[in-house]
Amino acid sequence: MQKIYSFPCVILCGGKSSRMGCDKALLPFGANFAEQDFRQDSLTQFVYNNLSKWFERVFLCVKSKDSKLLEYNLPTIIESRVLQENALDCTLNIQKLTFKERFSPLYGICCALEFVQKHLDAQYVAFVSVDTPFINPLYFENLATLLRQKNCKVAYITQILENGDKKEHFLLSLWHMSMKDALLNALKNKDFKIGALMKNTTHTSLEIKDDALSFNLNTKETYHNALKFLQSYAPRHKKH
């Protein structure tokens, strides 16, 4: 079946998972999650399987060659390798960063854009954080339309909560390839907050009401709540 999106999608899997207490990307999540076998039904596999039905190319993005996710033998972008091959590790003084600073999601986004520019013919790259398993892939069609209509460089999802508040999901987003230089400058200046980067570039947002986006797996409590939701979950999105 023909995929709907020609631009690639990158699943960001390089977070610290400090609040979870273990690597969230390896958490059992799927039909056989009780079997505790990350190679069969992990959170990463669940997200990858969903997105690969829609995108022609889907990549995992991990921090280093030591990641257990490499055992999947799926298309993978290794941040440390991209940084070394392009001499960015020295330029960005990676070794002098604190542990927390090394885990900024800006590194994953920057390395993904670098990789795509070098190996693929694409103007845009979609990003999904591995801890948002119930993302509706159809949103990326709306994000692409917004980018072109408003001539912006980044489009991301803003969730409208039940109480009317808004939650920005910067890692559920679509980026133009030209953002690579802005990302490099932010990293050189140690400006690791993605919200600050957005303020300094042309961007737009897709505002939606979708309670499923509230299952952002950062803690064990949110993980167990997502497992309960998973038991009754059926994707509401269908291909055209």
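Biologist: How many nonpolar, polar and charged residues are in the lining of the second largest pocket?
Modeller: By class, this predicted model has four nonpolar, three polar and four charged residues there. Asp, Glu, Lys and Arg count as charged; Ala, Val, Leu, Ile, Met, Phe, Trp, Tyr, Cys and Pro as nonpolar; the others, Gly among them, as polar.

Biologist: Which residues line that pocket?
Modeller: The lining of the second largest pocket is made of K63, E79, S80, L83, Q84, D89, I94, Q95, R102, F103 and Y107. A pocket here is an open set of points on a 1 Å grid over the protein atoms alone, with protein on both sides within 12 Å along at least five of seven lines, and lining residues have an atom within 4 Å of a point.

Biologist: Which element gives the most to the lining, and what volume does the pocket have?
Modeller: Helix α3 gives the most, with four residues. The volume of the second largest pocket is about 300 Å³, counted as the space filled by probe spheres set on the points, which are joined across faces, edges and corners.

Biologist: New topic. How many helices and strands are there in the protein?
Modeller: You'll find 10 helices and seven strands. Both are DSSP runs numbered from the N terminus: helices are H or I with at least four residues, strands are E with at least two.

Biologist: What about loops? Where does T132 lie?
Modeller: T132 lies in the loop between β4 (124-129) and α7 (139-150). T132 is in a loop, but with 3% relative accessibility T132 still counts as buried. Beyond four places in sequence, T132 touches L172, F215 and N216.

Biologist: Then T202: buried, partly exposed or exposed?
Modeller: Partly exposed, because its relative accessible area is 42%. T202 sits in the loop between α9 (194-199) and β7 (203-208).

Biologist: Which residues does T202 touch?
Modeller: N151, C152, K153 and V154, not counting residues up to four places away in sequence. T202 and K153 are 49 residues apart in sequence, and 5.7 Å apart in space from C-alpha to C-alpha.

Biologist: Zooming out, what share of the protein is buried?
Modeller: Buried residues make up 53% of the 240 residues. Of the contacts with a separation of 6 or more, 72% are between residues 24 or more positions apart.

Biologist: Last one: what is the mean pLDDT, and where does pLDDT stay under 50?
Modeller: The mean pLDDT is 88, and 90% of the residues reach 70 or more; pLDDT is the predictor's confidence in each residue, from 0 to 100. Residues 32-39 stay under 50, and the model has 12 contacts for them beyond four places in sequence. Where pLDDT is low, the predicted coordinates should not be read in detail.

Conventions:
Residues are numbered from 1 along each chain as its sequence is written. This is a predicted model: local features need pLDDT of at least 70, side-chain atom pairs count only at pLDDT 80 or more; totals for chains, interfaces and linings use all residues. Side-chain values use heavy atoms; hydrogens and water are left out. Contact means heavy atoms within 4.5 Å. Buried means under 20% relative accessible area, exposed over 50%, partly exposed in between (1.4 Å probe, protein chains only). On a 1 Å grid over the protein atoms alone, a cavity is a set of points where a 1.4 Å probe fits but cannot get out, and a pocket is an open set with protein on both sides within 12 Å along at least five of seven lines; lining residues have an atom within 4 Å of a point.
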